[in-house]
Amino acid sequence: MTRARRIIIDLKFDRPDLVAGMQPYFPDFDIIDLADKAQVGRDLTGIDYAIVWKPDADLFTRAQDLKVLFSGGAGVDHVMAVPGLPDIPLVRFVDRNLTTRMSEWVVLQCLIHLRRVLPYLDQQKKRHWHEFIQPEAAEVTVGVMGLGVLGLDAATKLKGLGFNVIGWSRTKKHIDGMETFDAAGLDAFLGKTDILVGLLPLTPETTGFYNKTLFAKLKKDGPLGSPFFINAGRGKSQNEDDLLAALTDGTLGGASLDVFAVEPLPQASPLWALDNVVITPHAAAPSEPSALFAHVRREIDRYEAGETLQFTINRTTGY
Ligand code: NDP
Ligand code: OXD
């Protein structure tokens with residue numbers, strides 16, 4: 001009798017039905033769920049595939065025969081940081097559902113700041129009736145940093161709402177009806193931006209990137225009075241001391257933050273108490289497990305048929 005193939009999952013999704021939900025996509029595999037205490041110390045040699053989110057530090061010493069590694073999310077910084085990462089294809093998660101969720105979140109946050117929702121909520125608590133100046137979307141420039149799968153979709157949807165949208169990415173993009181900037185055009189891009197949307201991956205270049213120097217270059221005399229910052233990329237891209245200072249000294253009028261340098265955001269963080277900040281718990285665009293498993297299955301089938309894997313990471317750029 002031939003032994004069923006095995007696949008590892010090491011996902012910290014807090015979903016009790018994860019393995020049951022995965023089974024229909026992998027009827028011919030034994031699923032080794034490392035969250036299952038019974039797997040502690042189990043021999044992981046001879047296994048070809050793993051689907052991981054923030055994998056345990058010893059994964060690659062235990063599973064030495066992996067041929068392809070799948071990220072449980074769109075980002076891969078959580079894998080790149082693990083010691084001993086083998087030189088095998090690393091596939092990220094690209095998915096319509098995840099992309100749509102992210103754009104919903106980004107659009108929502110831009111509208112929150114455009115339509116002054118935070119000050120209005122504050123007034124409501126005080127039973128206070130006062131209308132703030134509210135420019136229309138077309139007067140406001142949203143600068144999207146990162147024009148990849150997520151940035152491009154969000155930018156397109158923001159344009160559909162009437163915002164003036166500009167974009168910035170490492171390499172130059174040509175997008176109909178959108179002014180774009182490459183890495184060298186950073187200052188020009190920032191100088192035109194009223195609402196900055198961060199959808200960058202975490203790499204050595206983007207670590208600590210949103211800092212006081214960058215915030216100070218955003219457009220100062222825009223229709224919202226001061227610029228706003230929205231980040232759903234990665235928290236380690238923001239310098240939180242600088243961010244806090246910018247939010248309290250008026251350099252920034254407000255922010256929406258889904259990601260933080262340390263997650264969960266520590267109770268002691270002063271960011272919690274700022275009334276010009278929206279905080280969500282890294283929930284902008286969660287991976288839908290069934291979509292993730294269908295994607296991994298498709299890629300494994302492609303790989304085993306000798307076809308090229310899609311959505312592999314460039315190990316030099318780190319995304
Ligand atoms: P992509 O790889 O498709 O796009 C990344 C974009 O960032 C590209 O346009 C790339 O430029 C640009 N970029 C990367 N490094 C630099 C740099 N140093 N300078 C300028 N531009 C740079 O990624 P996605 O759009 O799919 O995802 C982006 C990130 O969003 C993920 O890496 C993850 O961190 C985060 N994310 C957060 C979620 C959440 O719930 N908060 C959910 C999912 C993802 P170029 O086009 O030139 O290569
Ligand atoms: C991702 C995330 O990278 O959820 O997909 O952060």
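The shell around ligand 2 in this predicted model divides into 4 nonpolar, 3 polar and 1 charged residue. Its members are Trp53, Gly73, Ala74, Gly75, Leu98, Arg234, His282 and Ala285. Polar contacts to oxygen atoms of ligand 2 are made from both backbone and side chain: a polar backbone atom of Ala74 is placed 2.7 Å from an oxygen atom of the ligand, a backbone N or O atom of Gly75 lies 2.8 Å from an oxygen atom of ligand 2, and Arg234 brings a polar side-chain atom to 2.7 Å from an oxygen atom of that ligand. Taken alone, ligand 2 exposes 210 Å², of which the protein buries 86%.

Ligand 1 is surrounded by 29 residues, the closest being Arg92, Thr171, Lys173, Asp258 and Tyr319. By class, this shell comprises 15 nonpolar, 8 polar and 6 charged residues. Lys173, one of the closest residues, has a polar side-chain atom 2.6 Å from an oxygen atom of ligand 1, whereas for Val149 a backbone N or O atom is found 2.9 Å from an oxygen atom of the ligand. A further backbone N or O atom, that of Gly233, lies 3.4 Å from an oxygen atom of ligand 1. On its own, ligand 1 has 940 Å² of accessible area, and the protein covers 92% of it. The elements that give two or more residues to the shell around ligand 1 are α4 (96–114) and α6 (149–160).

The position of ligand 1 can also be described in terms of domains. The domain assignment divides the chain into domain 1, formed by residues 6–93 + 287–304, and domain 2, formed by residues 96–279. Because domain 1 and domain 2 both give residues to the shell around ligand 1, this ligand lies between them. The C-alpha centres of the two domains are 33 Å apart, and the direct contact between them involves 9 residues of domain 1 and 7 residues of domain 2.

Helix α4, which contributes to the shell around ligand 1, was examined for its length and its ends. At the start of α4, a side-chain oxygen of Asp95 reaches to within 3.3 Å of the backbone nitrogen of Asn97. The helix is followed by Arg116, for which phi is positive, near 60°.

Further backbone features occur in loops. Most residues other than glycine have a negative phi, and most peptide bonds are trans. Against this background, Asp14, although not a glycine, has a positive phi of about 55°; this residue belongs to the loop between β1 (5–10) and α1 (18–22). The peptide bond that joins Glu263 and Pro264 is cis, with omega about -5°, and Pro264 is located in the loop between β11 (254–257) and β12 (277–279).

Notes. Residues numbered from 1 in each chain as written. Chains lettered and ligands numbered in written order. Predicted model: local features only at pLDDT ≥ 70, side-chain atom pairs only at ≥ 80, totals over all residues. Heavy atoms only, no water. Near = heavy atom within 4 Å. Polar contact = N/O pair within 3.5 Å; in protein donor to acceptor, adjacent residues only side chain to side chain. Areas by Shrake-Rupley, 256 points an atom, 1.4 Å probe, with all protein chains shown as cover. Helix = DSSP H or I, 4+ residues; strand = E, 2+ residues; numbered from the N terminus. Nonpolar A, V, L, I, M, F, W, Y, C, P; charged D, E, K, R; others polar. Domains from an automatic or database assignment. Contact = heavy atoms within 4.5 Å.
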